[in-house]
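Please keep the sequence and the structure in view while reading.

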Number of protein chains: 2
Amino acid sequence: MNNKKIILASASPRRNQLLQMLGLDFKAVKPQIDEEFHTCLSVDENLYNITKSKALYVKENNNLANCIIISADTIVLLEHKILTKPADTSDAFNMLKSLSGNWHEVVTGVYVTDADTCKQIYKSKTTKVKFRNLTDDEIKSYISTGEADDKAGSYGIQGLGSIFVESIEGCYYNVVGLPLVLLETMLKHFNISIL
Amino acid sequence: MNNKKIILASASPRRNQLLQMLGLDFKAVKPQIDEEFHTCLSVDENLYNITKSKALYVKENNNLANCIIISADTIVLLEHKILTKPADTSDAFNMLKSLSGNWHEVVTGVYVTDADTCKQIYKSKTTKVKFRNLTDDEIKSYISTGEADDKAGSYGIQGLGSIFVESIEGCYYNVVGLPLVLLETMLKHFNISIL
C-alpha cells in the first residue's frame, strides 16, 4: 500500500463525497484554471488538457510533495454538441429543454499523477443517459431550486434531477462526476487499494 | 397538491435518504412482516404481496388516516435465482462470488396506497447490473466492512460496492432500493407533485 497523501484537485462537493464514500483519506484543494473548451480539439483532448491543468495548478501552487493528485472534469454531449455549466437560467432552460425526452452522453475525464515521479495516467468514461419528457413548468421549477447552476448539462442526477433520468447505460458515478470503478483501477497503478 | 401526510413503510435508511433527497415531507415507519419469497409465485407476485403487506401492517398498527403510504421491496435475480439478504458471511461470500464478472438483474416493487380510499397502485422496475471480476480477497475485505449484511444480493451500489459495478442498464435508484422516476409518476396519481 502506498503511503503517499491523496490530493483531490477539485472544489466539487460531489467528488468530495464520492471519495469519502470510498473511505479514502484525502485532502481537497481547489484548482483555479481556465476550463474553456476548444472546438478544434476532440472531447478527450479537451478533458485531458483540463484535468492535467487542474492537477498541475494544485501541485505548483501548494508545494505538494509525496502525494498522488486526482483530478476530473465532466461534460454532457448532446448530438456531438458540448454542454458545460449553464451561463444563466435561460441557458439552463434551453439545455434541459434540449435534453427532454432524449438520450445524451456524459463523459468524465480522470487524471491521476504522482507529484514526485510525474507518472501520470489519463482515462475517460462515457455513460448514456435517457431523460423522460419534461414540461416547461417542471424545468422552471427545477431551475428555481438552484440545482442546475453549477452542473454540466444543467442537472444533477444525484439530486432532484434524479426524477428526470429514466434510464442510463454505463457507470452511474460517471454521471455524478467521478467514475469510481475506473478510478479504483487507476489508483491500483499507484499502489493504492480501496479494499 | 394533495395535503395528505406521506408515510414511508420502510426501515431502510437508503429509501429514507432518497425521499429526503426529493424534498418530500414524510415519516418513516418500520413494518414487521414476513418477507419470505414463495417459489410457486412469480417475482412480481411476491413483490406485490410483500409491499402490500408492509403498507397494510403500517396502516393497521399505527391507526393511520389522511395519508399516502409508500412501500418497496428489492431483490437481486441471477439467472432466475432470487438473491435476498445474506443469512451469514458465508452466504454473502457465495452471492458475491456468483455475481463476479456477470450481469444480474435488480427488481424493485413499489406499492402506493391512500389509507382512506384504499386506492392502490403497484409497479415494478428492473435494472441490469454488470459486476467486474472480483478476487476472493476483495470479496472477503468487502464483507468484513459489514456493508453486505442487510442488502439484497450482499452489496450496496451506493457504498463501497460502487467499485464492483462496471455498468448498469436502467434506473440507478432502482438498484439502491427505490426507482425515483417510477415513484414520481405513481405519486402524481395521488396528486402529489415533487417539482
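The dialogue below moves from one chain to the contact between two chains.

Q: What kind of model is this, and how are its parts numbered?
A: This is a predicted model, in which local features need pLDDT of at least 70 and side-chain atom pairs count only at pLDDT 80 or more, while totals for chains, interfaces and linings use all residues. Residues are numbered from 1 along each chain as its sequence is written, and chains are lettered from A and ligands numbered from 1 in the order in which they are written.

Q: How many helices and strands does chain A have?
A: Helices (H or I, at least four residues) and strands (E, at least two) are DSSP runs, numbered from the N terminus. Chain A has six helices and seven strands, and from the N terminus on their order is β-α-β-α-β-β-α-β-β-α-β-α-α. The radius of gyration, taken over C-alpha atoms, is set beside a globule rule of 2.2 Å times the number of residues to the power 0.38. For chain A the radius is 17 Å, close to the 16 Å that the rule gives for 195 residues, so the chain is as compact as a globular protein of that length.

Q: Which strands of chain A pair with β6(A)?
A: Two strands pair if DSSP finds at least two bridges between them. Strand β5 (residues 103–114) of chain A pairs with β6 (residues 120–131) of chain A in the antiparallel sense over eleven bridges, and A:His104 has A:Val129 as its bridge partner in β6(A). These two strands form a hairpin with five residues between them, and A:Cys118 in the turn has a positive phi of about 65 degrees. β6(A) also runs antiparallel to β7(A), joined by four bridges, where A:Lys130 has A:Ser167 as its bridge partner.

Q: Which residues of helix α3(B) are buried?
A: A residue is buried if 20 or more other C-beta atoms, placed from the backbone, lie within 10 Å of its own, exposed if 12 or fewer, and partly exposed in between. In helix α3 (residues 89–99) of chain B, the buried residues are B:Ala92, B:Met95, B:Leu96 and B:Leu99. They cover an arc of only 95 degrees around the axis (by the directions from the helix axis to the C-beta atoms), which puts them on the same side of α3(B). Just after α3(B), B:Gly101 takes a positive phi of about 75 degrees.

Q: How is chain B related to chain A?
A: Two copies of a chain are related by a rotation about an axis and a shift along it. Copies are superposed by least squares on the C-alpha atoms of residues with pLDDT of at least 70 in both. Here a rotation of 180 degrees, with 0.0 Å of shift along its axis, superposes chain B on chain A with an RMSD of 0.0 Å. The two copies are thus related as by a two-fold rotation axis. In chain B, the C-alpha nearest that axis belongs to B:Glu169, 2.3 Å from it.
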